[in-house]
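Please read it with the sequence and the coordinates open beside it.

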Amino acid sequence: MEITVMKNIFGANAEKAGELRALLKDKKVLMVNLIGSPGAGKTTILEKTIEELNKKYKVAVIEGDVATDRDARRLQKYEIPITLINTDGACHLEALSIEQSLNGFDLDSLDMIFIENVGNLVCPAEFDIGEHAKIAIISVTEGDDKPAKYPLLFRESEAVILNKTDLEQYTNFNRASFMEDVKNLNASIPLFEMSCTKGPNLAPWIQWLEKRLQSL
Amino acid sequence: MHEFSIVSSLFEIIEEVARENSLVKVYRVSLIVGKMRQVVPVAMEMAFEAITKGTIAEGAKLQLEFVPIKMKCRSCDHQFTVDEHVYICPNCEAVELDLVEGQELLIKQIEGEN
């Protein structure tokens with residue numbers, strides 16, 4: 001017998017993600033999903049961002065890691081709520097595990113939640129985890145071809161952070177080609193350039209986050 | 001290897017449908033996959049073979065029906081297929097576009113025996 005199903009394969013995840021997004025909007029909490037390769041600088045950017053936001057906002061972090069609690073431990077010094085999700089080898093986070101993390105937070109007291117996704121440019125772009133915005137984090141040392149190779153991430157993201165710009169002179173990173181690919185994929189997407197080791201130039205990024213929080 | 005995640009979720013649905021329809025064997029499963037999903041057929045087959053091993057879907061044929069990425073321009077209503085990842089209207093060069101199709105990830109049909 002032939003059975004017509006016509007069902008979304010990630011339907012259960014998408015439904016849960018939608019619920020989480022609505023709950024957070026209701027609580028006026030902005031949830032941001034940081035996606036980038038291993039070594040792109042996600043945790044360092046998060047550290048700098050927390051240092052800046054801590055002056056004015058209540059921030060919490062969900063750390064996704066394949067194994068270990070190293071990233072979570074790096075953030076302990078800020079004395080903010082942090083939950084760690086070890087995916088045990090899985091390459092991305094899903095809405096169900098984010099729900100468990102959110103249950104551990106006092107949402108009424110928070111303004112923003114940052115999720116550091118598992119270091120990977122493919123799978124995290126695929127999974128809606130209830131965030132309000134995905135952010136693509138790329139460093140110049142990874143090469144300028146990343147937008148062309150991982151188009152879904154750049155289509156799905158609301159902003160791009162280009163990190164390690166201080167190293168650009170030592171690489172063959174072709175900025176014009178990078179910009180053109182990003183523009184072709186997502187012309188109106190804002191790009192924030194950072195060099196976390198040389199002084200990250202955070203102001204435009206922080207302003208963007210504040211504006212995004214207000215627009216919830 | 002997001003194909004493994006896709007096939008894991010797919011298999012849960014196959015099991016559910018098989019239960020509802022009292023299937024004892026699954027012969028064929030067809031999917032509708034938007035090009036934006038970046039699904040690699042060989043990786044899908046590998047994952048499907050591994051995950052269905054020893055189940056009622058072992059040896060079933062996995063059919064993938066790909067859907068090109070189609071966008072609609074918000075300025076001039078022109079609809080076009082996206083090639084080479086260029087999301088710019090070829091008619092008026094506007095960049096504010098809405099997705100018409102190409103992001104699907106659906107299980108279409110299951111053929112089996114009850």
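Predicted model: local features only at pLDDT ≥ 70, side-chain atom pairs only at ≥ 80, totals over all residues.

**An enclosed strand and its surroundings**

Strand E7 (residues 159–163) of chain A has five of its five residues buried, so this strand is largely enclosed by the rest of the structure.

**Strand E7 of chain A**

- Ala159(A), Ile161(A) and Asn163(A) point one way from E7(A), whereas Val160(A) and Leu162(A) point the other way, and all of these residues are buried.
- In a regular strand, side chains alternate between the two faces of the sheet.
- Strand E6 (residues 133–139) of chain A runs parallel to E7(A), and five bridges join the two; within this pairing, Ile135(A) has Ala159(A) as its bridge partner in E7(A).
- E7(A) also pairs in the parallel sense with strand E8 (residues 191–193) of chain A, here over three bridges, and Ile161(A) stands opposite Phe192(A) in E8(A).

**Helix H8 of chain A**

- Together, E7(A), H8(A) and E8(A) make a β-α-β unit, which is right-handed.
- The buried residues in H8(A) are Phe178(A), Asp181(A), Val182(A) and Leu185(A).
- When H8(A) is seen down its axis, the buried residues fall within an arc of 95°, so they line one face of the helix.
- The cover over the buried residues of H8(A) includes helix H6 (146–149), H7, E7 and E8 of chain A.

**The sheet of chain A**

- Seven strands of chain A form an open sheet with parallel pairing, in the order E4-E3-E5-E2-E6-E7-E8.
- The edges of this sheet are strand E4 (82–86) and E8 of chain A, each of which has a single partner strand, so one side of each is left without a neighbour in the sheet.
- From one strand to the next, the twist in this sheet averages 20°.
- Helix H2 (residues 42–53) of chain A lies across strand E2 (30–36), E3, strand E5 (112–116), E6 and E7 of chain A, and runs at about 170° to E5(A).

**A sheet in chain B**

- In chain B, three strands form an open sheet with antiparallel pairing, in the order E4-E3-E5.
- Strand E4 (79–81) and strand E5 (97–101) of chain B are at the edges, and each has a single partner strand, so one side of each is left without a neighbour in the sheet.
- The twist here averages 35° from one strand to the next.
- Strand E3 (residues 70–73) of chain B and E5(B) are paired in the antiparallel sense over four bridges, and Lys72(B) has Asp98(B) as its bridge partner in E5(B).

**Contact between the chains**

- Between the chains, 23 residues of chain A are in contact with 25 residues of chain B.
- On the side of chain A that touches chain B, the elements giving two or more residues are strand E1 (2–8), helix H5 (123–126), helix H7 (151–156) and helix H8 (175–185) of chain A, and E1(A) gives the most, with seven residues.
- By class, that side of chain A has 14 nonpolar, six polar and three charged residues.

Notes. Residues numbered from 1 in each chain as written. Chains lettered and ligands numbered in written order. Contact = placed C-beta atoms within 7 Å. Nonpolar A, V, L, I, M, F, W, Y, C, P; charged D, E, K, R; others polar. Buried ≥ 20, exposed ≤ 12 C-beta atoms within 10 Å, placed from the backbone. Pairing = 2+ DSSP bridges. Right-handed = clockwise from strand over helix to strand, strands pointing away. Arc of directions from axis to C-beta. Axes fitted to C-alpha atoms, helices over the stretch in contact; angles between N-to-C directions.
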